[in-house]
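Biologist: I'd like to walk through this one with you. Can you show me the model?

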Amino acid sequence: MSQPEPILEARGLVKHFGHVVALDGADFELYPGEIVAIIGDNGAGKSTLIKSLSGALQPDDGEIRLDGERVRFRSPGDARRAGIETVYQDLAVAPSLDIASNIFLGREARWRGPLGLALRLLDKRRMRREAAQHFAELQIGVQSIAQPVEDLSGGQRQGVAVARAAKWARRLAIMDEPTAALGVRETRQVLDLIQRVRERGLPVIIISHDMPHVFELADRILIMRLGKRVAVVTPQTHTMPEAVAIMTGATKSELEQALTKEAPPE
Amino acid sequence: MTAITSALRVPGRVLAAPTVGPFLALLLAMAFFSIRSENFLEGQNLSLVLQQVMVVGVLAIGQTFVILTAGIDLSCGTVMAFGQIVMTKLAVVNGIDPLLAIGLGILACVGFGLLNGGLVTGVKLPAFIVTLGTLNIAFALTHVYSNDETYSDLPSELLFFGKTFTIGNTDFTYGVVLMFVLFGIAWYALTQTAWGRHVYAVGDNLEAARLMGIKVNRVLLSVYVLAGLTYGIAAMLLVARTELGDPNAGQTTENLDAITAVVLGGTSLFGGRGSVIGTLIGAVVVGVFRNGLTLIGVEVVWQYFVTGILVILAVSVDQLTHRRRA
């Protein structure tokens, strides 16, 4: 198979928490322009894997390569500097600040020249202009870019978080259950937005519990079980019940049983 | 799309909105006292209000920084008292150069800020407990260091900010001017710099700020240290105003009034919301009430009573709007 080089690659990641083995030699690849979903039961190691990739945890063993080069992230800041942005499920925004300020939070644009250097003066106009342009490109509708985030719906707030990740991620974005806190319609908005982010060429890793969403969004689905990657499937090659069966470790005969049971009566 | 472009013209409502309430409260209070006392609106009296507000106002700047990060600094008054004793004792008893004495007094307050900030960020203690501790430590040190003596006959350098200049037929002190300058600097730092954004973000959603790569401990530490600096400057102003180094100064009235000014000014005790301009208005409201109640002959104890009610009112408004947002 002539695949392009993976953007992000992990080999044999191991992570222990005391006696608990969270990752037991897990592998991972993300190729340019794709959405990879990671699924797995609770405790399968998907959170630990994602945290190792985003720098929130340091694996005990194994290696991570970014564009072919070995990297070691000691903090989320390291990963961010390497061009990896993460969106969290719990709406990591500052509600009282406006949208533009949230987009630029921690990366504020200062005036060029002495005003910016000596007086640290923020270039609010530039930040608003750039944020508005970015929102227009991603087709996120908001009343005003100068609106405090607390005036937005949950879906729009998560939209701000996704837009921020898309703006600053030079290599890839990680979305850790981005819709877990949202209602049906708001989830829809965020999923559509993630699609548009991918269409702009940014590869995305997404963790989700929601199988229909995973099958709708992902190009490839990585299935974790007991700290290992047990399979990589695609929505074209596998059905949802099959993926769930692999995830839960059902045997082949159990799987066939499950499939016949679920087949509609004719 | 048009919404976005029109948005570019929307002025910063963050600055405008929260100060409207405090400003109306100020107008109402001034209207009330000008009806009840014909002296209230005289230039000399209003200038006096500002002089009375000056110390609390500067304390309240530091307090605003701290409360914006969802903290509170109960030690501001006693830390100022300690700084004031350091300045005056060094200058009067030890005969140290007065400017150096002022510097060392301010440094003592900055030291307390460093201690508060270090405990809040390093040991992860709640600001309330930390500053309740340092309140008592500063109180004790003030009395130990001064042997309960009051220092008077201060060198003129220590009195500079109490001196007046005249505009029209109204006297203003240099200290009042310094207070306005400090409010201006604080406003600039909070609204026009990245540091200010980070202060709001830390108070608004600490975890989000951390995840966004903001060094939250560094922001918090800087806030407590800068608060200590403002308490030191307030100490200098207090000395200039009272012309004394008094170990009993600043311990109840100023301490509570500083917090009252911040809350009356619309800054939320939950953090992340408010403005230092609101605090200035809040400090003036407190000053207007104290001055006005004195003018119409209300006993001093009732001033405490009224301030207490004002605080509870302001906190209730804060609580109700917070609940509506949540």
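Biologist: How many helices and strands are there in chain B?

Modeller: This is a predicted model, where local features need pLDDT of at least 70, side-chain atom pairs count only at pLDDT 80 or more, and totals for chains, interfaces and linings use all residues. Residues are numbered from 1 along each chain as its sequence is written, while chains are lettered from A and ligands numbered from 1 in the order in which they are written. Helices (H or I, at least four residues) and strands (E, at least two) are DSSP runs, numbered from the N terminus. On that basis chain B has 15 helices and two strands.

Biologist: What span should helix H12 of chain B have, and how far apart are its end C-alpha atoms?

Modeller: H12(B) covers residues 216–242, which is 27 residues. The expected span is 1.5 Å times one less than the number of residues, so 39 Å is what H12(B) should reach. Its end C-alpha atoms agree with that, at 39 Å.

Biologist: How many residues of H12(B) are buried?

Modeller: Buried takes 20 or more other C-beta atoms within 10 Å of a residue's own, with C-beta atoms placed from the backbone. H12(B) is mostly covered, and of its 27 residues the buried ones number 20.

Biologist: Which helix gives the largest share of the side of chain B that touches chain A?

Modeller: Contact here has C-beta atoms, placed from the backbone, within 7 Å. By that rule 26 residues of chain B meet 29 of chain A. Helices H1, H10 and H11 of chain B each give two or more residues to that side. The largest share, five residues, is from H10(B).

Definitions and conventions. Two residues are in contact if their C-beta atoms, placed from the backbone, lie within 7 Å. A residue is buried if 20 or more other C-beta atoms lie within 10 Å of its own, exposed if 12 or fewer, and partly exposed in between; C-beta atoms are placed from the backbone.
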